[in-house]
Amino acid sequence: MSVWNYVVTAHKPTCVSHSCVGNFTSPQELNLIVAKCTRIEIHLLTPQGLQMMLDVPLYGRIATLELFRPHGETQDLLFIATERYKFCVLQWDSESSELITRKGSHFSNYVQTSAWDHVVSFRAMGDVSDRIGRPTDNGQIGIIDPDCRLVGLHLYDGLFKVIPFDNKGQLKEAFNIRLEELQVLDIKFLYGCAKPTIAVLYQDNKDARHLKTYEVFTKDKDKEKDFVEGPWSQNNLDNGADLLIPVPSPLCGVLIIGEETIVYCSANAFKAIPIRSSITKAYGKVDVDGSRYLLGDHSGLMHLLVISHEKEKVTGLKIELLGETSIASTISYLDNAVVFVGSSFGDSQLIKLNMQPDAEGSYVEILEQYVNLGPIVDFCVVDLERQGQGQVVTCSGAYKDGSLRIVRNGIGINEQASVELQGIKGMWSLKSSIDEAFDTFLVVSFISETRILAMNIEDELEETEIEGFLSQVQTLFCHDAVYNQLVQVTSNSVRLVSSTTRALRNKWDAPAGFTINVATANASQVLLATGGGHLVYIEIGDGTLTEVKHAQLEYEVSCLDINPTGDDPNYSQLAAVGMWTDISVRIFVLPDLTLITKTQLGGEIIPRSVLLCAFEGISYLLCALGDGHLLNFQLDTSSGELGDRKKVSMGTQPITLRTFSSKSATHVFAASDRPAVIYSNNKKLIYSNVNLKEVSHMCPFNSAAFPDSLAIAREGELTIGTIDDIQKLHIRTIPIGEHARRICHQEQTRTFAICSLRNQPSAEESEMHFVRLLDEKSFEFLSTYPLDAFEYGCSILSCSFTDDKNVYYCVGTSYVMPEETEPTKGRILVFLVEEGKLQLVTEKETKGSVYSLNAFNGKLLAAINQKIQLYKWMLRDDGTRELQSECGHHGHILALYVQTRGDFIVVGDLMKSISLLIYKHEEGSIEEIARDYNASWMTAVEILDDDTYLGADNCFNLFTVKKNSEAATDEERSRMKVVGAYHIGEFVNRFRHGSLVMRLPDSEIGQTPTIIFGTVDGVIGVIASLPQEKYLFLEKLQTSLRKVIKGVGGLSHEQWRSFNNEKRTEEARSFVDGDLIESFLDLSKSKMEEISKVMDVQVEDLCKRVEEITRLH
């Protein structure tokens, strides 16, 4: 079963690696283009801020992102190169508002590609890999000559690849030039040179750093293509110099940014200034002439570097501290002192640079923060609410931008006020006049009375009266009505009351002997049903209630709705009625109550709530049953026909449906034991759970004190709260100002423990390491245990031992000594939480770094350097306890990742892939029974089932191996077979079993085992193990989708997902790409039909099957 896996992204990458600014979408528009690992975002700069225009996936990890403008063009083109040596040039097609890939002269085929319905037109694309060559240690460098004569790429040591432009701005055939300098730190093109000229910053074999310039000659085809030594060079630079900034004309030349000095250097000038020691990570040009630059360093400080000059002569350099931002990986100056700071270690920011400093002396004002989960170093999956809903708590960010993030699926309600009220049977909000913006009254109905609450001057809810309303009976329904009136329906009458004088204006009484069972109303209509199946339709006038029509139905009515979905917000043409006995839902036309549609719902459970609503211009009928199932139909408003029936399970109790609006969009709240919000995205309905336990009733309550709020009736209380943004994942940030590296949850003590490190730039020891205890609800630090100097926390675990009822936190550490190549000493610390404090119970010294700890049959299993060691928990004579070594297993290079199941131990090695060990009780020993003989540098392992194990490697691949238990010979049994391979394009740091969504036992998804993973780029993903027939269906769908959806820039999905490391490339197998599968739901109807033909499955059925699987996350 676990051999077939579905890999999908629950949270997209958020680490920003590159950004650039230019006129990409039109000559007049300024765009910010941001690269996040495998995604490109295009933003438009507007007076209100940044507006997202496009967010597309790229089939590659972005290594270079540069805007350039060939001669004769009015807007910029985008050059992208990927880590697997593919490149493309993209152009915006303003007629269709789409990306197109610019065509090159040696690419004759014009490829039309739909990037999720965004056409990407080719300007050029190609492959710049070489068959031989050693990839550079310092990463790829991609640069474009300022005069657009050529693109330069430094991909392999000792080679500089050139792609020339022809005079029409098209790219020609690429070629290599040999580069003497092997240890290149940076290369940039210089401005204002007659021939394309590069400046090369390099390190020689004595570790000294120098700068050289070269002119690039691109002579005729038959002659040599070569470098000519350039006009100048500069030797013996700052030992920390690693960044070049080319200065535009008229000044020209280059800035060399070091750790202690900044140098300006050109053919005829040399200026240097000292700076306080820092490592500059990013720079952004402020002025077109390049006289001012923003520099961002490793500690998040932003400086302004100014080149002072007289005409074209540089006279000096000045540097000034502006303030603190996130640790920048990229800086893009937009306009009007607004700057985008992209970060890989913290949240990215949009900042404004002010002329005057604030009270703290900072010129930086943060306008907006963009959440970034990366790098996720570790995480744990917990169910804090204890209601079957997993949440992921991550160790995110690094250094000062470190934080914990609580990521949960679903929508949170932020409580503003609450009051204890038992037995609420219904709630409605009313206005004091029809054209008022805010609600005034909140009507709360109980079994034998009705109370009215209103906001007083102190913004508190207090009880009030509406004289015309009956208060000694239960209210069935009320609503604002036209002509500044309010309508109340009770079990024997309909009352019409003035909202200004609050006096009764009219009433309609139920016939003698009949009681009203259910009722609904809008601003001008009332529909009610009495016992015996009588349906009565009443219209509201100015002080009048007119009974327009009465119909006798054969069964009792269980629920009704006349919510207007057409153009008139006060009048509905249709009524939806749910019935007892025949379990049907019927559509009547108003005002005549003509029956036009009757649909049997099937089963024995009656409809308890119906709702007519429109999302994104499509009308729906929602029908909730008494057992927690919800049916949705698309409604044809002219014929009343119900089509496209879908059924979902929301909970186990009856559901009541209400509409509400948030951020000017309409949503539906489904109140039940598992409340949810139903909303529409890309014309498809999405169900997002609300993070509250049982909700019996909900109504929108938009008052002046609590704008855009909801009133929610729960077990014994009435809560008023605002609702989170309506989105799938909700992220809460706990900034801790230090780098959390390991995290663990302990249910019994309701705490988390983390291993963290704090950087202290001024102190003698620059790093301090801690074990910290946090409260699981407030995330406050309860207790801290400082580690020794040079001691790092490497692993943490909550476990209990045989014959001991306590639950302990165990921490594995490592002494990282500056003079040692590998740690030779570490400790295992065992803590007990007593009264919210960490008490050290015992410690055990180890002969190496404790990379991993696992609970193992009441004992403790540790991975220490190259050894796996088992400890048992012993009681000393004096009643104290200690860890005693029982047995071990050698034979690894470094045993970094260990998972256990029963007596089996799976080890992920630094270099030697995955091996499987077994603990033998009789002999009390650990032996290896099988291993994968491929060389893979592991980054994480997990056990899928007894025989199948999952691994992630440092080349961004996933693979699965299987124990070969059926094999005939011992030799074959000792080899694990690779059964699955896949390129995920993400560096995975951790796998954990668990789920982000509510697991409903009765659904198919509830039975699907899932693993969550976290990556360096901030991705949270899910791997689900599928039954084979389901996998084969999805694999066939994936193949069909590849033909219809072409990648941005013409990059191939098949090549992108193929397993790839330094030794080999092989096709992906036994894994299917959930992101591609789920993009099916965003396709146009015609594309869906195309795929449905190939698959030989109805579109409706395909949608249903894909929607079902999206529920995994």
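**Salt bridges in the predicted model**

The side chains of E928 and R931 come together in a salt bridge with an N to O distance of 3.5 Å (a side-chain nitrogen of Lys or Arg within 4 Å of a carboxyl oxygen of Asp or Glu). The model is predicted, with local features needing pLDDT of at least 70 and side-chain atom pairs pLDDT 80 or more, while totals for chains, interfaces and linings use all residues. Numbering starts from 1 along each chain, and side-chain values use heavy atoms, without hydrogens or water.

Within this pair, R931 counts as buried because its relative accessibility is 9% (buried is under 20%, exposed over 50%, partly exposed in between, with a 1.4 Å probe and protein chains only), whereas E928, with a relative accessible area of 30%, is partly exposed.

Another salt bridge links the side chains of E882 and R876, with 3.6 Å from N to O. Of these two residues, E882 has a relative accessible area of 25% and is therefore partly exposed, and R876, with 35%, also falls in the partly exposed class.

Beyond such pairs, E554, D582, R586 and K598 are connected to one another in a salt-bridge network. Taken over the whole structure, the search finds 46 salt bridges, among them the E928 and R931 pair with which this account began.
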